[in-house]
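Please walk me through this structure. I am new to it and would like to start at the ligand.

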Amino acid sequence: MSEAGNETRFLHAIEMGLGAWQWGDRVVWGYGQTHTDKDIRESFDVSLNLGVRFVDTAEVYGSGYSERLLGQFLKELDQPVLVATKYFPWPWRLTKGFIPWALKASLERLGLDSVDLYQVHWPSPLMSPETMMEGMAECVKRGWARTVGISNFGEKHMLRAYTTLGRHGIPLASNQVHYSLLNREVEKNGTLARCKELGIRLIAYSPLEKGLLTGKYSSQNPPPGLRGSQYIDLLKKLPPVINLLQEIGLKHGDKTVSQVALNWLICKGALPIPGAKSARQAELNAGGAGWRLTDEEVARLDEATDNIREYRKN
Ligand SMILES: NC(=O)c1ccc[n+]([C@@H]2O[C@H](COP(=O)([O-])OP(=O)(O)OC[C@H]3O[C@@H](n4cnc5c(N)ncnc54)[C@H](OP(=O)(O)O)[C@@H]3O)[C@@H](O)[C@H]2O)c1
């Protein structure tokens with residue numbers, strides 16, 4: 001295995017990460033209203049203190065503000081943090097040369113010489129996985145990215161990315177996809193199984209289904225803003241799932257609904273990266289790791305959520 005091959009191992013050792021989409025995002029997350037830089041800093045500090053040292057950001061989060069904020073935090077830190085960021089394939093940046101160029105700008109915002117994981121944020125009908133991976137390989141060769149990942153890639157595109165990177169002796173480190181008890185598409189369409197087979201770490205985004213799997217929202221009390229309309233149907237099906245999460249949590253020394261939901265993902269072999277708007281949320285989320293549900297509990301949660309939505313076949 002090449003040096004880059006050995007490098008991907010660190011991702012498999014991480015149980016839990018911290019999502020940084022909330023850092024500066026006003027449209028979905030209400031940055032400036034529901035949380036401020038102080039809350040973000042506190043959630044970051046609490047996470048580190050509780051052993052969560054992997055932060056997932058992107059150049060588009062808060063139009064670069066999320067990366068800038070993380071850069072500020074890192075400057076004041078004397079302990080290592082693993083940093084993942086992402087390239088967005090905007091229609092005006094579709095040749096491979098744009099990828100190292102965009103990473104350079106991310107590195108400047110982050111105040112770093114390299115990131116631990118550089119991911120392509122979304123596939124694009126205008127840019128092939130091969131072109132994307134040529135650009136990503138260049139980032140590794142320049143020493144600006146330790147490892148390469150993709151995000152929102154289905155199995156076929158993932159295999160094309162895997163093969164292209166393989167020609168450069170670079171393993172595909174991760175695929176970051178939507179995965180929670182309320183969205184099990186990656187289990188049903190084979191992506192999770194394929195990731196395991198190929199040693200690709202599956203990173204689970206929106207692991208709390210944007211707050212639904214915390215028990216605080218219901219049809220009578222929907223989440224604010226865009227999330228409220230996005231989840232009208234799902235909220236109606238939520239109560240039995242929350243009841244079961246509560247029941248299981250009680251058997252594990254009073255674990256919360258969100259902690260059980262995150263632990264279910266860990267048991268499935270995924271790496272959850274919940275977002276947090278406060279120190280308290282970050283503290284609770286960190287408590288989703290470091291223990292395990294029983295196989296029987298995982299099976300009960302599977303059964304309770306099997307038919308919660310329809311899944312496409314690949
Ligand atoms: N690659 C991609 O395309 C993609 C897409 C989406 C997300 N992501 C990444 O994945 C990360 C996580 O996903 P996400 O932010 O969409 O959703 P999430 O982690 O499922 O939910 C985060 C939200 O849930 C609420 N929350 C979190 N912990 C809580 C707790 N312990 N108790 C009560 N409420 C809690 C907070 O919102 P409220 O307090 O407002 O309810 C928080 O903003 C993002 O930050 C980002 O890094 C990537």
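Helix H14 (residues 279-286) gives the most to the shell around the ligand, with 3 residues. Helices here are DSSP runs of H or I with at least four residues, strands are runs of E with at least two, and both are numbered from the N terminus. The model is predicted: local features need pLDDT of at least 70, side-chain atom pairs count only at pLDDT 80 or more, and totals for chains, interfaces and linings use all residues. Residues are numbered from 1 along each chain as its sequence is written.

The ligand is surrounded by 30 residues, and the closest are Gly19, Trp21, Leu208, Gly211 and Gly275. A residue counts as near if its C-beta atom, placed from the backbone, lies within 6 Å. The shell holds 11 nonpolar, 14 polar and 5 charged residues. Ala, Val, Leu, Ile, Met, Phe, Trp, Tyr, Cys and Pro count as nonpolar, Asp, Glu, Lys and Arg as charged, and the others, Gly among them, as polar.

Now the sheet. Its 8 strands run in the order S1-S2-S3-S4-S5-S6-S7-S8, open and with parallel pairing. Strands S1 (18-19) and S8 (271-272) stand at the edges with a single partner strand each, so one side of each has no neighbour in the sheet. Two strands pair if DSSP finds at least two bridges between them. Strands S3 (residues 82-87) and S4 (residues 115-120) run parallel, joined by 4 bridges. Thr85 has Tyr118 in S4 as its bridge partner.

Last, a helix pair. H12 (residues 239-250) packs against H13 (residues 257-267) at about 90°, with axes 8 Å apart. By class, their contact has 6 nonpolar, 3 polar and no charged residues.

Conventions:
Axes are lines fitted to C-alpha atoms, for helices over the stretch in contact, and angles run from 0 to 180 degrees between N-to-C directions.
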